[in-house]
Amino acid sequence: MPNLFELKSLVNLKYVHKQYLKVINKHRNPKYWKHMPCPICHTSSSTIALIIDHIRYDSCPECKCIYNAIQLTIDMDMLYDSYRDRLVKPSQKLRWQLGVNKYKQIAEHCTSKGRILDVGCGSGQMCQIFRNNGWKALGVDPCINVKYEDFDTNQQFDCITFMGVLEHINNPMELLRKAIGMLKNNGLIVIEVPSADCLLTQYLRDNVFSPYRYIEHCRHLSFWSKHTIAYICDILNLKVVDIKTIGFDLQTIMLSDNPLLT
């Protein structure tokens with residue numbers, strides 16, 4: 001299991017978290033917020049699961065995801081540079097190692113080395129790792145070339161990955177349907193999203209605590225449970241082949257200034 005604080009230092013986690021809260025507190029006026037249905041199944045009836053920093057997260061009774069029911073309407077991407085410079089760039093070596101581990105996990109479920117599409121590819125690191133292992137890799141990212149929604153190709157892919165992408169949007173089912181249309185028979189879709197089932201989620205249900213990671217207020221719009229994944233697969237006629245966890249829960253709970261532990 002990787003060390004969270006080697007991946008993202010506590011100092012930088014606190015800094016970026018503080019920047020999120022500054023923007024949110026500046027826009028407390030109700031005119032900047034809107035009520036949203038579940039991004040997975042669009043159910044409007046829900047119950048409050050968490051309230052963190054006065055921001056509400058609801059539990060969907062249909063697909064069992066946890067999501068931002070009241071969303072900030074301004075674009076939080078204004079903080080992307082801060083996030084990238086503080087939490088992404090300093091840990092490129094470790095991120096490469098994690099990328100290699102992810103490649104091995106994905107390759108276990110592929111019968112051959114073919115063509116992969118990495119949606120939200122960022123710096124292109126995962127694409128390069130796949131290329132180094134004999135794959136043909138293509139990445140799309142709005143910060144580099146094109147939005148996935150506008151991406152058009154006649155190519156068919158053996159694998160399509162969404163690493164830390166679908167939790168940031170309100171239309172994940174549309175993106176997955178598009179992926180299915182570009183997937184070869186028996187192809188693989190790989191999704192990495194924050195979990196609604198994890199130990200940290202349960203801790204946050206039972207304790208008033210504002211973690212510096214995982215929540216990412218107004219950026220992480222949904223958290224998926226195993227039931228959520230099963231629901232999506234049932235709707236889209238997909239099959240679950242594997243579910244794994246990175247496992248940063250305990251380190252997040254044990255942050256040195258968690259007021260409940262001091």
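In this predicted model, four strands form an open sheet in the order 7-6-8-9, and their pairing is parallel. Strand 7 and strand 9 (183-192) take the edge positions, where each has a single partner strand, so one side of each is left without a neighbour in the sheet. From one strand to the next, the twist averages 15°.

The pairings can be followed across the sheet. Strand 6 and strand 7 run parallel and are joined by five bridges, with I116 standing opposite A137 in strand 7. Strand 6 is also well covered: four of its five residues are buried, so this strand is largely enclosed by the rest of the structure.

Within helix 5 (residues 125-132), the buried residues are Q125, M126, C127, I129 and F130. These buried residues pack against helix 4 (92-107) as well as strand 6 (115-119) and strand 7 (136-140). After helix 5 comes G134, which has a positive phi, near 90°. Helix 6 (residues 172-181), in turn, lies across strand 8 and strand 9 and runs at about 150° to strand 9.

Helix 6 has a helical partner too. Two packed helices are described by the angle between their axes and the distance between the axes. For helix 6 and helix 8 (residues 226-236), the angle is about 50° and the axes are 11 Å apart. On the helix 6 side, the contact is made by M173, L176, R177 and I180, while helix 8 contributes I232, I235 and L236.

The axes of helix 2 and helix 3 come within 9 Å and cross at roughly 165°. With over 145 degrees counting as roughly antiparallel, that makes helix 2 roughly antiparallel to helix 3. Helix 2 passes helix 3 in a left-handed crossing. At this meeting place, N12, L13, Y15, V16, Q19 and Y20 of helix 2 face S82, Y83, R86 and L87 of helix 3 in contact.

What lies inside the fold can be described next. In soluble globular proteins, nonpolar side chains tend to be buried together. In this model the largest nonpolar core has 31 residues, and those with the most contacts inside it are I24, Y57, M76 and L204. At least two residues of this core come from each of helix 2 (10-26), strand 2 (47-52), strand 3 (55-59), helix 3 (80-88) and helix 7 (199-206). Helix 2 gives the largest share, six residues. With neighbours within four places in sequence left aside, I24 is in contact with W33, I55, L72, M76, H217 and C218. Apart from this core lies another, of 30 residues, among them V165, L175, L176 and I189.

Conventions. Residues numbered from 1 in each chain as written. Predicted model: local features only at pLDDT ≥ 70, side-chain atom pairs only at ≥ 80, totals over all residues. Heavy atoms only, no water. Buried < 20%, exposed > 50% of the residue type's maximum accessible area, 1.4 Å probe, protein only. Contact = heavy atoms within 4.5 Å. Pairing = 2+ DSSP bridges. Axes fitted to C-alpha atoms, helices over the stretch in contact; angles between N-to-C directions. Core = buried A, V, L, I, M, F, W, Y, C linked by side-chain atoms within 4.5 Å. Parallel < 35°, antiparallel > 145°, perpendicular 65-115°, else oblique. Left-handed = near helix turned anticlockwise from the far one by under 90°.
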